[in-house]
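I opened the model to look up charge pairs first, then a pocket. My notes follow.

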Amino acid sequence: MRILILGGTSEARQLCKALVAQHAYHIIFSLAGVTHSALPVPTEMRIGGFGGVNGLVAYLETHRIEAVIDATHPFAAQMSRHASDATLRCRIPLLRFTRPAWEAPPGARWHFVSDIEQVPHALGQIPRRVFLTTGRKDLAPFMTTPHCYLLRSIDPPCLPLPPRTIVILARGPFALDDEIAIMRQHDIGCLVTKNAGSDATAAKLEAARQLGLDVVMVNRPSLPPARECTTIEAAMIWVQGTRRNV
């Protein structure tokens, strides 16, 4: 059975390794190439876009893909929409592997916004020191704001930075004590993040709660309906059932 995994998360790599260990599937692991220092997987890997829905349809047909698992980042909305459209056109089963969203614990000071463009409004006009953990590509809304930013990214930013920005390069998981230390070191007053739902980066939320900081949380984008699961075990069961029906 030939399976295309659309990766981009640590859970995608874990699922890939679990399926490869079964020795029953031909796995192709696809990455968009947004992160240059991608971690390896024990199977065939492709990097780069497909060229829209039509390009993905052509790839699925050319490579005789029999099932697709969308395990992209929760904010990779365009890829998820393309996967939904392409698998529907090819009549190929699609599973969306979704991390559970973060939920605000008691005492947390979370402020939810619908998209990244709404973050500056939530921050207000009084200058603040902001820990920005929304990625190196979503910087345009912050270019004319009065705040000082600490930007954390896996790879160096490739776009112009907002004024008064310090960049630190790091890859999770991050420990709670380290998150508290960095927020204190830089005198952070507010954390900005997307609701990625990853355990590897959740410590920053607890650090903000313990320090009494505001958190501006960007809600996930809406996606087309799809069969979803949230655990490796459930994904494996889906794959086994799909294999019997192919």
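**Salt bridges**

I looked up D70 first: at 1% relative accessibility it is buried (under 20% relative accessible area, with exposed over 50% and partly exposed in between; 1.4 Å probe, protein chains only). The model is predicted, so I took local features only at pLDDT of at least 70 and side-chain atom pairs only at 80 or more, while totals for chains, interfaces and linings use all residues. Residues are numbered from 1 along each chain as its sequence is written, and side-chain values use heavy atoms, without hydrogens and water.

I then checked the partner of D70. R96 and D70 form a salt bridge at 3.9 Å, N to O (a side-chain nitrogen of Lys or Arg within 4 Å of a carboxyl oxygen of Asp or Glu). R96 sits in strand β5 (residues 94-97) and D70 in strand β4 (residues 67-70), so the pair ties together parts 26 residues apart in sequence (strands are DSSP runs of E, at least two residues, numbered from the N terminus). R96 is buried too, at 4%. A salt-bridge network links D70, R96 and E228.

Next I looked up D214. D214 is buried at 13%. Its salt bridge with R128 has an N to O distance of 2.7 Å. D214 also pairs with R109, at 3.0 Å. R128 is partly exposed at 22%, and R109 is partly exposed at 43%. I noted 8 salt bridges by this rule.

**Nonpolar and charged lining**

Last, I looked at the lining of the second largest pocket. Its residues divide into 4 nonpolar, 4 polar and 5 charged.

Key
Nonpolar A, V, L, I, M, F, W, Y, C, P; charged D, E, K, R; others polar. Helix = DSSP H or I, 4+ residues; strand = E, 2+ residues; numbered from the N terminus.
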